[in-house]
Amino acid sequence: MSAIVKMPKTARRSTSFAVLWTLPALIFYVAFAIIPLFIALFYSFTSWNGLAPAVWIGLGNWRALFSDHVTLTSLLLTIQVMVISWIVQTPISILLGVFMAGKQLYRSVLGVLYFLPLLFSAVAIALTWQNMLDPNFGVVNPLLTAVGLSGLTRAWLGDPQLAFYVVLVIVCWQFIPFHSLLYLGGARQIPKELYEAATIDGGGRIQNFFAITLPQLKYTIITSTTLIFTGSLTYFDLFWVTTQGGPGYATRVLPLQMYITAFQNEQVGYGSMIAVVLAAFGIVLSFILLRFSGFSKMSSQLEGL
Amino acid sequence: MASHPQTQNTVDTALSHKTALAAPRPKHPFSQSGFWEIIPAAFGVLWLVFTFYPILYMLFTSLRPQQYLFTDAPWSFPSHPTLENYATVLENGFFTYFANTVFVTVVSVFMILVVSLLAAYAISHARGRYTRIVFSLFLLGLAIPLQATIIPIYAIVSDLHLYDTLFALILPSIAFGIPLSILVLVTYIRDIPHELNESMLIDGATHLRILYNLVLPLSRPAIITVIIYETIQVWNSYLFPLVLTQSQSVAVLPLSLANFRGQFTTNVPAILSAVFLSATPIILLYVFGRRQLLGGLVAGFSK
């Protein structure tokens with residue numbers, strides 16, 4: 001209280017101005033993003049079917065998690081999505097970004113076409129690929145047959161051994177354009193003097209790539225990695241529309257397991273517990289990656305936005 | 001306004017940062033042409049086939065009459081191209097879904113922009129403990145997966161008697177659009193020299209006037225970025241409509257696409273026509289403002 005009294009008049013006025021002007025954004029944000037997070041935490045300690053009054057069961061849901069094979073498998077699948085997405089998307093996106101940053105005209109023409117997947121929603125992409133891969137009226141199997149590889153034809157999304165990896169191919173198709181766009185921006189900002197000096201020193205293309213390009217893209221790599229990791233937690237649309245989590249539990253990633261538990265099986269309390277796992281996972285991951293990249297560096301990155 | 005030319009300068013520098021994608025292409029020695037160019041070129045063409053073919057397939061199939069679906073080679077251009085599939089889609093409520101999506105997107109993006117601008121201006125100009133804490137709180141939102149909040153949002157929306165209305169989609173869309181919009185706007189508005197708005201304050205201008213006359217024109221690139229990024233987010237959003245609406249009359253495009261699949265079942269050409277039609281506004285944006293669109297997509301994330 002005394003601190004407020006001691007504040008100069010203008011500072012007090014400026015605080016009340018700040019409160020007033022940030023209020024509309026805060027109301028929406030707190031009501032529909034922050035409060036729901038805490039409500040989810042509360043629900044996670046209850047047993048509730050969404051209709052009858054919720055019953056407080058303490059850590060019941062959390063204890064059940066450790067013997068719930070389906071949810072633990074979906075957690076494992078989500079971690080696999082993260083790791084495989086990163087391993088596949090990062091090198092291809094870097095190569096594509098650097099490729100498009102080249103001065104040759106054909107490269108920028110190709111770039112225009114490379115970004116087309118960015119224009120479609122996850123649902124649109126899911127439906128297109130689902131039809132392409134359909135064993136009855138799709139295009140992938142006939143193409144394989146036409147080039148003499150009929151032995152490779154499959155029920156791509158119907159095979160439990162395969163479906164997960166097929167959906168991951170679609171994920172890559174959807175997101176590599178975005179990450180290559182990040183790397184394109186990063187590669188364009190590398191000072192060309194670095195290459196001139198290296199070329200005088202006798203550096204070849206491949207040498208330059210590892211000695212200059214890759215280190216210079218360090219912060220873009222961190223940004224892109226953060227987005228792949230946190231994004232992998234939230235893939236819902238694509239998995240839901242292509243496979244609904246099937247066949248069996250083969251593609252039931254964590255957000256799907258949450259949705260199915262809460263909205264189809266009407267176990268709202270247990271579904272909320274999964275939601276809390278998802279949120280905690282996302283927030284902790286963001287903070288670790290932010291730490292890793294260093295706050296000061298991150299903010300200096302933002303200066304250049 | 002002696003410092004004005006300097007401001008212009010700062011803004012120009014910031015602008016050139018923002019539009020790095022649009023900048024003239026620097027000549028990198030690693031891209032010199034020659035015989036070895038054949039390796040990256042082959043890689044580039046290979047990727048083109050993978051990335052572009054599904055879109056070509058979508059287009060070809062959408063033009064193929066249903067009765068030729070099994071007789072034409074599925075990878076070829078249709079032997080008897082037709083627009084009848086598009087007509088089928090348009091006759092099956094497409095305009096309603098389109099109008100719903102436009103309404104939700106326009107209202108959400110407008111609200112995101114207004115409240116984020118006010119907050120970003122306050123955060124940039126009234127620096128103190130309060131604004132620091134509020135800014136951190138907003139930034140925390142970047143890490144919250146919206147999937148994790150969908151169950152309580154469903155409960156809140158039901159309590160407000162908004163379930164199965166377009167406003168059920170608008171309210172959470174605004175909430176989840178705010179964090180990134182504020183980040184983008186704050187980093188941009190902070191570059192506007194403090195003295196400018198101080199001198200306007202001394203001259204008796206209100207904050208609203210400063211926002212309108214000074215900040216709005218100077219932060220146009222950031223505003224365009226926010227509009228494009230949030231438009232795409234809201235336009236393509238699927239989980240909110242899936243959980244928060246059920247009637248056909250309030251269905252938005254991504255939801256209606258999934259419904260079309262149920263409705264048309266094996267009428268693949270009609271489904272793919274709907275897929276293509278649902279993306280038309282964003283395709284047009286790409287055709288006429290490719291650089292703004294791509295810049296907007298990487299919004300707060302670009303280096």
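This is a predicted model: local features need pLDDT of at least 70, side-chain atom pairs count only at pLDDT 80 or more; totals for chains, interfaces and linings use all residues.

I started with the radius of gyration of chain A, which is 25 Å, whereas a compact globule of 305 residues would come in near 19 Å. (That radius is taken over C-alpha atoms, and the globule rule is 2.2 Å times the number of residues to the power 0.38.) The C-alpha atoms of chain A fill a box of roughly 65 × 65 × 30 Å along the principal axes.

Residues are numbered from 1 along each chain as its sequence is written, and chains are lettered from A and ligands numbered from 1 in the order in which they are written.

Next I looked up helices and strands (DSSP runs numbered from the N terminus: H or I, at least four residues, for helices; E, at least two, for strands). Chain A has 15 helices and two strands; chain B has 14 helices and zero strands.

Then I checked burial (buried means 20 or more other C-beta atoms within 10 Å of a residue's own, exposed means 12 or fewer, partly exposed is in between, with C-beta atoms placed from the backbone). In chain A, 44% of the 305 residues count as buried; in chain B, 47% of 303 do.

Last, I picked helix H4 of chain B, residues 129-140. Its buried residues are Thr131(B), Val134(B), Phe135(B) and Phe138(B). They sit on the same side of H4(B) because they cover an arc of only 100 degrees around the axis (the arc of the directions from the helix axis to the C-beta atoms). On the face turned away from that side, I found the exposed Arg129(B), Arg132(B), Ile133(B) and Ser136(B).

Terms used: The expected span of a helix is 1.5 Å times one less than its number of residues.
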